[in-house]
Amino acid sequence: MTVFEAAALRSFEDEMAAHARKFSPRLCEILGDAHLHAALHQAMERAGDYGFTNRGPMRLYIELMFLFGSRFDTDPQYPKLGKILNDPDDQMRRADRIYHEILDYMENVAGPDSANVHKALEFLAALKHKPIALTPDGFDAVMVREMARAFPQKAAYVGDDGLAKLIREGRTEAKEHGFPTLRGVAMLVILKFAFGHGCTDDPLYPWISATLRDEKIVDPEARAMRLENKAMTWLDHVIARLRKGERL
């Protein structure tokens, strides 16, 4: 029975890989098969931890991973999703509640054809030409203001408490990596805001963790700048694709 179950899971993973290439074609193209299957395997395991074992709920969990990052279940930006996942209710009813929450999010936050998301990416990409003015005392307030400017609909959805938690996480991780400047801290916060709070260890965005763990980079400031450059390059490529009418 264990062999049959393992074979069924592998078959389902292959099916979800094909679905993911249609759901998020550009990201899957960048990832390649190995990273894609690693992300899917992790998502299936985490879905199982929440009692999502039926095909529909598990597929929904995988789609949420592509929308909000692999750690969306614990992300302070999406507390409603975490609350529903941890509810003891039947998995099908929970999946239905999450589905309707996502419909509301896509309509009121992402906007038609994700227009608000595209505007936010354009705003973030423009930061390389006009960096944010940061001071130690006013850092948190400035970051909240800039996130609200970049993506006002999402900032309103997340709320001040969620944004504050995201900033604290960014501060903590920047300290762990020894980033010496507020600019480096701000970059981590923005990455979390854009790609999910677990983006620094997310198989969907291996370029982030690879940069943070690159042993050839010994200077923390150089590491922070490398991460910023890679993020801006990624944004430029994505925006160029979006302007051509391609899907992420």
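Reply: What follows describes the pocket and then the cavity. This is a predicted model, in which local features need pLDDT of at least 70 and side-chain atom pairs count only at pLDDT 80 or more, whereas totals for chains, interfaces and linings use all residues. Residues are numbered from 1 along each chain as its sequence is written, and side-chain values use heavy atoms, with hydrogens and water left out.

On a 1 Å grid over the protein atoms alone, a pocket is an open set of points with protein on both sides within 12 Å along at least five of seven lines, a cavity is a set of points where a 1.4 Å probe fits but cannot get out, and lining residues have an atom within 4 Å of a point. Points are joined across faces, edges and corners, and a volume is the space filled by probe spheres set on them.

The second largest pocket holds about 230 Å³ of space. Its lining consists of 16 residues, and those nearest its centre are Leu 127, Met 187, Ile 190, Glu 228 and Met 232. Two or more lining residues come from each of helix H9 (182-195) and helix H11 (220-243), with H9 giving the largest share, 7 residues. Helices are DSSP runs (H or I, at least four residues), numbered from the N terminus. By class, 14 of the pocket's lining residues are nonpolar, none polar and 2 charged; Ala, Val, Leu, Ile, Met, Phe, Trp, Tyr, Cys and Pro count as nonpolar, Asp, Glu, Lys and Arg as charged, and the others, Gly among them, as polar.

The structure has 1 cavity of 30 Å³ or more. Residues lining the largest cavity include Leu 127, Glu 146 and Ile 190, and H7 (139-150) gives the most, 3 residues.
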